[in-house]
Amino acid sequence: MAKVTDGDDARGAARLPDTGAATAYPPAGAYRRAVVLGAGGVVGIAWMAGLADGLRAAGVDLAEAELTVGTSAGAVVGTLLATGQDPARLATPLRPDDPGARPTRVDGRRMGEVFAVLGGAEADPTGARCHAGRIALAADTGPEEAHLARMGALAGASQWPDRRLLITATDTATGEQKVFDRAGGAPLVPAVAASTAFPAVYPPITVGDRRYMDGSLHSGTNAGLARGARALVVIEPLAHMFPREPLARELAEAGAEAVVTIGPDQETIRVFGHDQHDRTAWEPAYRAGLRQAAEQARRVGAVWQESPAPIG
């Protein structure tokens with residue numbers, strides 16, 4: 001049983017259940033350290049970047065992870081870390097004249113349909129994801145090219161890193177989880193764009209002959225994909241919106257010897273507000289991440305710096 005320590009987070013509303021899609025994993029102990037970065041919209045991107053920046057300043061560099069799992073907002077920050085960029089690059093939002101700063105076109109009517117479908121997903125989660133996929137394809141959210149430019153600018157890299165990076169998405173037609181990596185048949189930017197393409201907010205992204213949407217429809221963190229790591233840090237921007245049980249199952253699946261989870265504290269939750277895509281909350285959310293990093297650095301460092309070397 002892994003030792004799990006939690007940050008100051010709060011949990012409440014239901015999460016779409018995990019269906020446990022089959023995935024090939026390395027043996028236990030294959031990685032010394034792994035980091036899992038979860039969904040959270042624009043405010044989640046800023047907050048996680050602030051956390052990573054603050055932890056690095058305190059001597060805990062999440063970019064040293066041999067394995068990074070990114071879902072939705074976490075795909076952006078995971079790409080930044082795995083490709084060796086400075087988290088402080090995301091201290092401020094994109095400038096209005098940046099090619100990737102094109103305004104988001106949210107389809108409000110379809111958004112309501114998406115949440116209604118997901119809210120009743122417990123009995124048939126795969127069917128609910130398929131329904132959400134049909135809504136995503138029908139929603140008026142602008143061209144794929146705009147979202148590709150937006151995510152490419154945020155991610156700041158176009159080539160997969162040498163370090164192991166897994167980016168999750170959801171097939172719009174089947175509702176099944178898709179895990180992209182450097183050998184997984186997608187360039188990096190389309191993988192990030194697909195992972196962040198929440199229905200009715202962003203358009204599904206075409207990879208090959210498939211269309212993909214947000215990886216959080218399968219799980220807010222997809223932490224089970226971190227199997228093979230001895231030490232695991234899970235950063236969950238929407239921990240206050242998700243129940244504890246799904247993440248607990250995923251952590252059991254990952255099987256790490258030591259786990260630290262970090263969610264937003266009450267002050268950060270107030271900064272986030274009610275709109276995960278509110279760009280006016282970007283810089284306050286980043287500063288909230290810096291503040292929480294100072295509070296969490298010792299706890300994270302105890303796992304990160306003392307984890308044993310990988311096997312082999």
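Leaving aside neighbours within four places in sequence, lysine 178 is in contact with Ile167, Thr168, Ala169, Gly184 and Tyr212, where contact means heavy atoms within 4.5 Å. Lysine 178 lies in strand S5. Helices (H or I, at least four residues) and strands (E, at least two) are DSSP runs, numbered from the N terminus. At 28% relative accessibility, this lysine counts as partly exposed. On that scale, buried means under 20% relative accessible area, exposed over 50%, and partly exposed in between, using a 1.4 Å probe and protein chains only. Although lysine 178 and tyrosine 212 are 34 residues apart in sequence, their C-alpha atoms are 8.2 Å apart in space.

A word on what you are looking at: this is a predicted model, in which local features need pLDDT of at least 70 and side-chain atom pairs count only at pLDDT 80 or more, while totals for chains, interfaces and linings use all residues. Residues are numbered from 1 along each chain as its sequence is written, and side-chain values use heavy atoms, with hydrogens and water left out.

Let's step back to the whole chain. The protein chain has 9 helices and 9 strands, and buried residues make up 56% of its 312 residues. Take the contacts between residues at least 6 apart in sequence: 84% of them join residues at least 24 apart.

Now look inside. A nonpolar core is a set of buried Ala, Val, Leu, Ile, Met, Phe, Trp, Tyr and Cys residues joined through side-chain atoms within 4.5 Å. The largest one here has 59 residues, and Trp47, Ile167 and Phe180 touch the most other members. Helix H1 (residues 41-57) gives the largest share of this core, 10 residues. Beyond four places in sequence, isoleucine 167 touches residues including Gly70, Trp160, Lys178, Phe180 and Leu188.

Phenylalanine 180 also belongs to an aromatic pair. Rings of Phe, Tyr and Trp (its six-membered ring) pair if their centres lie within 6.5 Å; planes under 30 degrees apart count as stacked, over 60 as edge-to-face and the rest as tilted. The whole structure holds 3 aromatic pairs. In one of them, the rings of phenylalanine 180 and tyrosine 212 have centres 5.3 Å apart and planes at 80 degrees, so the pair is edge-to-face. This pair links distant parts of the chain, with phenylalanine 180 in strand S5 (residues 177-180) and tyrosine 212 in strand S7 (residues 210-214), 32 residues apart. Both phenylalanine 180 and tyrosine 212 are buried.

Why is helix H2 (residues 73-82) described as largely enclosed by the rest of the structure? The reason is that 10 of its 10 residues are buried. What covers them includes strands S2 (31-37), S3 (67-71) and S4 (164-171), along with helices H1, H5 and H6 (188-195). Just after H2, glycine 84 takes a positive phi of about 80 degrees.

Our last stop is a pair of strands. Two strands pair if DSSP finds at least two bridges between them; strand S8 (residues 229-235) and S9 run parallel and are joined by 5 bridges. Valine 234 stands opposite threonine 261 in S9. From S8 the chain crosses through helix H7 (residues 244-254) to S9, a right-handed β-α-β crossover. Right-handed means that, with the strands pointing away from the viewer, the path from the first strand over the helix to the second runs clockwise. Strand S9 (residues 258-262) is mostly covered, with 4 of its 5 residues buried.
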